[in-house]
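Okay, thanks everyone for coming. I'd like to walk you through one structure today, so let me put it up on the screen.

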Amino acid sequence: MSYKVQGQRIVILGGGEEALNKVRLVTKTTASVVIISRHIDAAFTGFPVELIQRAFAPSDLDNAALLFVAEQGPDADLAKAEARSRGIPLNVVDVPAECDFYTPSIVDRAPLTVAISTEGDAPVLARLVRARIEAMLSPRIGKIAGLAGRLRKAAESLIHDGAARRRFYEALVTSPEIEAAESKGQGLDAAEALLAQHANGRTQGVVWLIGAGPGSEDLLTLRAQRLLQEADVIVHDQLVPGVVVDMGRRDAERIDVGKAKGHHSFSQAQINTLIVRLALQGKRVARLKSGDPMVFGRAGEEIAALRKAGIAYQIVPGISSALAAAADTATPVTLRKVSSGFVTATAHGADDGDLAHWASLAQAGLTLALYMGKSIAPDVAARLVAHGARADLPVGIVVNAGRSTMTTYSGCLQSLIDCQATFSDGPAIIFVGEAVGAGDWADAAQLAGMSFKVA
Ligand code: SAH
């Protein structure tokens, strides 16, 4: 509930830090704020409040909308009783049982307010949630909400279709261009120009190539999450788990272009055609890819198709699975005096030239992070050794990196060659190199019973 306090008083009984905390909150309203206490200790200077240093008197509650009690003693008891008899909503700081209402944590982007309440149970949690929401909402979003209010009448008369109007408002409150214009004080001009475009039906589709990260909702970037909320269509790969796709706008259309192996799936050419077609219809397309879109994501082909069709696009980076795997296993893929770099490569389709090259890099101390190699892992290990990599070079395999189902295997190139293990289901990263020995692989299944020679 939002409570109207304009033209009334908010009374705070107490002169200490707790009273000051309430002052910070309630001076954001249009009420006049009155502090009453025999002892005024906290620094209220700078806040638009009236300080009254004396005992509480019942008439202090005349024309009061709310009472906060932030001290204990006879004044507090009298004030509480008086508020109750007058039916004035009461908040007793830190005593939920005596409260008629709680003050939520708020994110203040007036006229937009987000309130977070734990009903007094866990204010610390409310503050943490608040910090996250603060990070999500641009500081200028309130100003932009104000623009939407000012243009509401014009939008109604210029755009008759409800869905089209919604698209205009969404573009207004999410467009990076409007935000930039607003920061220069030109928000209204830019918003009017945007309205004119939408009224003429000249809206442009856009494609966002978004990195979904390794497959957990909380390893998505804030920007990815924001754009998923704005998309009309989400075109995703099979490797992106449902929980991540579900971060998208509820009524966005979802297209899975990479059905599981063996089932019908879209060819890359069909995907390129699909995203171009959707954007040409004026839709905002979130092309959601696992990990980072620029790493083994065939982003190059999609970008080329978008360029050719003259469609606007934007790339949003994601956490690539090798980095999630490094984090899961506390493996520093670069390590002073051990590994001067790391190489991401695809094991799938690698030829002997590639293998020879990687073997020499691994011998030189670099860490290999091999994608798409799970089913051919022993073969890849054998070829690396054949090309000169030491058979006792540490190997670590992470299946389902960054997910709750993560499992790991460790050993060395020779033990991987001898490996009889079947790996658990899911995508995997194979690390090879001296630095792998510095990770936490203690609970990993040992490949063929061999363990690391730690550097
Ligand atoms: N763009 C993605 C890679 C896509 S290629 C990225 O940056 O991560 C597909 C390969 O990525 C899989 O064969 C596997 O090697 C790797 N992969 C994707 N998700 C993974 C995960 N959660 N754990 C381990 N490997 C993963």
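I'll go through the domains, then the nonpolar cores, then the aromatic rings.

Keep in mind that this is a predicted model. The chain splits into domain 1 (9-103), domain 2 (141-199), domain 3 (206-319) and domain 4 (322-453). Going by C-alpha atoms, the centres of domain 1 and domain 4 are 64 Å apart.

Now, the cores. The largest nonpolar core has 30 residues, and the ones touching the most other members are Trp358, Leu384, Ile397, Leu416 and Phe423. Among the elements that each give at least two residues to this core are strand S13 (342-346), helix H14 (377-386) and strand S15 (394-399). Which element supplies the largest share? That's H13, with five residues. There's another core apart from this one, with 19 residues, including Ile10, Ala31, Val33 and Ala65.

On to the rings. We get four aromatic pairs. Take Phe168 and Tyr169: ring centres 5.2 Å apart, planes at 50°, so that's a tilted pair. Both Phe168 and Tyr169 are buried. Then there's Tyr409 with Phe423, where the centres are 4.8 Å apart and the planes sit at 85°, so this pair is edge-to-face. Tyr409 is in strand S16 (residues 407-412), while Phe423 is in the loop between helix H15 (413-417) and strand S17 (428-432), so the pair ties together parts 14 residues apart in sequence. Tyr409 and Phe423 are both buried, and Ile397 touches both of them, along with residues including Leu416 and Trp441.

One last thing, back at Tyr169: the charged end of Arg152 sits over that ring, 4.8 Å from its centre.

Definitions and conventions:
Residues numbered from 1 in each chain as written. Predicted model: local features only at pLDDT ≥ 70, side-chain atom pairs only at ≥ 80, totals over all residues. Heavy atoms only, no water. Phe/Tyr/Trp six-rings, centres within 6.5 Å; stacked < 30°, edge-to-face > 60°. Buried < 20%, exposed > 50% of the residue type's maximum accessible area, 1.4 Å probe, protein only. Helix = DSSP H or I, 4+ residues; strand = E, 2+ residues; numbered from the N terminus. Lys NZ or Arg CZ within 6 Å of the ring centre and 35° of its normal. Domains from an automatic or database assignment. Core = buried A, V, L, I, M, F, W, Y, C linked by side-chain atoms within 4.5 Å. Contact = heavy atoms within 4.5 Å. Lists of a residue's contacts leave out its neighbours within four places in sequence.
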